[in-house]
Amino acid sequence: MTGFARVDGHGDGYSWTFEAKSVNGRSLDLRCRLPSGFDSVEAVARAELPKRLARGNVNLTLTVNRAQAVSQLRINRELLAQVLELAREIEGAGAAPPRLDSLLAVRGIIEPVEEDETEARERVESALKTDLAKLVDQLVVNRLAEGARIAEVLNGHLDEIARLVDAASACASTQPEALREKLRAQVAAILGSFPALSEDRLAQEAAILIGKADIREELDRLRAHIQAARDLMAEGGAIGRRFDFLCQEFNREANTLCSKSADVELTRIGLSLKASIEQLREQVQNIE
């Protein structure tokens, strides 16, 4: 869910920079920091981002700068005509016209033209929305690239879990002959303590001992979870929540395996299995 994107743009005397940063999150949390007056751009961001992203804490920032406007001037011809008429009245019809610098000194002869920014602002907002779409595309691409790198790590952890499951299955203490020998020893201990133990009670105790020692069911479920994890990764899309639940199931089976173990080697394998599952779960938090 991590990613970064940046888009720069300019037009109509404005320049701007869009930035988007995404980090891990349980759901989609969008935070926008835009200058005042650009509410329409934020509205577009809040409408479009949830269509492209399902999870992550996303910070969207827009910085806008406006170049110093060059003022345009115009001659107030009506006022100029009045000044010239007054000059002729005062100095007479044959007098020389007033000097240019004298005319310019009269307040109001030259006046600034007020720019109508409505159209320019509309064009800028339209360009910003176009750049916002580019920004979201770039963020999605970067998150996908990060996801591809994480997928390699996840596959590595799944390979290690599969190796440990095979090691547990091949462990000497899980083999039928080893189970039978262990059962014989435990039954002999029971008979020594309770000589008058009935056949039915003996069968019950034997069944309990076999159930406690047999980890084949846990190993089968672990293998099924490994395949389910690989299927999820092949499916693509927003699989983070389902993968996180699957990690809980991985951990449940590993705990049961460790609790059933009465062998040092199997316990060691079980603890390594739990460590690998925890590493898998930590990486799963990084995917959408």
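Predicted model: local features only at pLDDT ≥ 70, side-chain atom pairs only at ≥ 80, totals over all residues.
**Exercise 1. Salt bridges**

Which residues are linked with Arg221 in a network of salt bridges?

*Solution.* 

Step 1. Glu217, Glu218, Glu253 and Lys260 are linked with Arg221 in a network of salt bridges. The structure as a whole holds 23 salt bridges.

Step 2. Arginine 31 pairs with aspartate 29, and their closest N and O atoms are 3.3 Å apart. A relative accessibility of 52% places arginine 31 in the exposed class, because exposed means over 50%. Aspartate 29, at 26%, is partly exposed.

Step 3. Arginine 149 meets glutamate 146 in a salt bridge with an N to O distance of 2.8 Å. Both residues belong to helix α4 and are 3 residues apart, about one turn of the helix. Arginine 149 is partly exposed at 48% relative accessible area; glutamate 146 is also partly exposed, at 22%.

Step 4. Aspartate 166 and arginine 223 form a salt bridge through their side chains, at 3.6 Å from N to O. This pair links distant parts of the chain, since aspartate 166 lies in helix α4 and arginine 223 in helix α7 (residues 216-235), 57 residues apart. Aspartate 166 is partly exposed, with a relative accessible area of 45%, and arginine 223 is partly exposed at 32%.

**Exercise 2. The sheet and its helices**

In what order do the 4 strands of the open sheet stand, and why is one side of β1 and of β3 left without a neighbour?

*Solution.* 

Step 1. The strand order is β1-β2-β4-β3, and the pairing is mixed.

Step 2. β1 (3-11) and β3 (28-33) are at the edges; each has a single partner strand, and therefore one side of each has no neighbour in the sheet. On average, neighbouring strands are turned by 10 degrees against each other, direction ignored.

Step 3. Strands β2 (residues 14-23) and β4 (residues 56-66) run antiparallel and are joined by 10 bridges. Within this pairing, alanine 20 stands opposite leucine 60 of β4, and tryptophan 16 has valine 64 of β4 as its bridge partner.

Step 4. β3 and β4 run parallel, with 6 bridges between them. Leucine 28 has glycine 56 as its bridge partner in β4.

**Exercise 3. Surface and overall composition**

Which residues form the nonpolar patch on the surface? Describe then the chain as a whole.

*Solution.* 

Step 1. The patch consists of Leu73, Ile75, Leu100, Leu104 and Ile110, which together have about 470 Å² of accessible area. β5 (72-75) and α3 (100-105) are the elements that give two or more residues to it.

Step 2. Isoleucine 110 lies in strand β6 (residues 110-113). The relative accessible area of isoleucine 110 is 34%, so the residue is partly exposed.

Step 3. The chain comprises 9 helices and 6 strands. Of its 288 residues, 31% are buried. The chain exposes about 17,400 Å², of which carbon and sulfur atoms supply 53%.

Step 4. Among contacts between residues at least 6 apart in sequence, 77% join residues at least 24 apart.

Technical notes
Residues numbered from 1 in each chain as written. Heavy atoms only, no water. Pairing = 2+ DSSP bridges. Axes fitted to C-alpha atoms, helices over the stretch in contact; angles between N-to-C directions. Patch = residues over 30% accessible without salt bridge, like charges linked within 9 Å, V, L, I, M, F, W, Y side chains within 5 Å. Areas by Shrake-Rupley, 256 points an atom, 1.4 Å probe, with all protein chains shown as cover. Salt bridge = Lys/Arg side-chain N within 4 Å of Asp/Glu carboxyl O. Buried < 20%, exposed > 50% of the residue type's maximum accessible area, 1.4 Å probe, protein only. Contact = heavy atoms within 4.5 Å.
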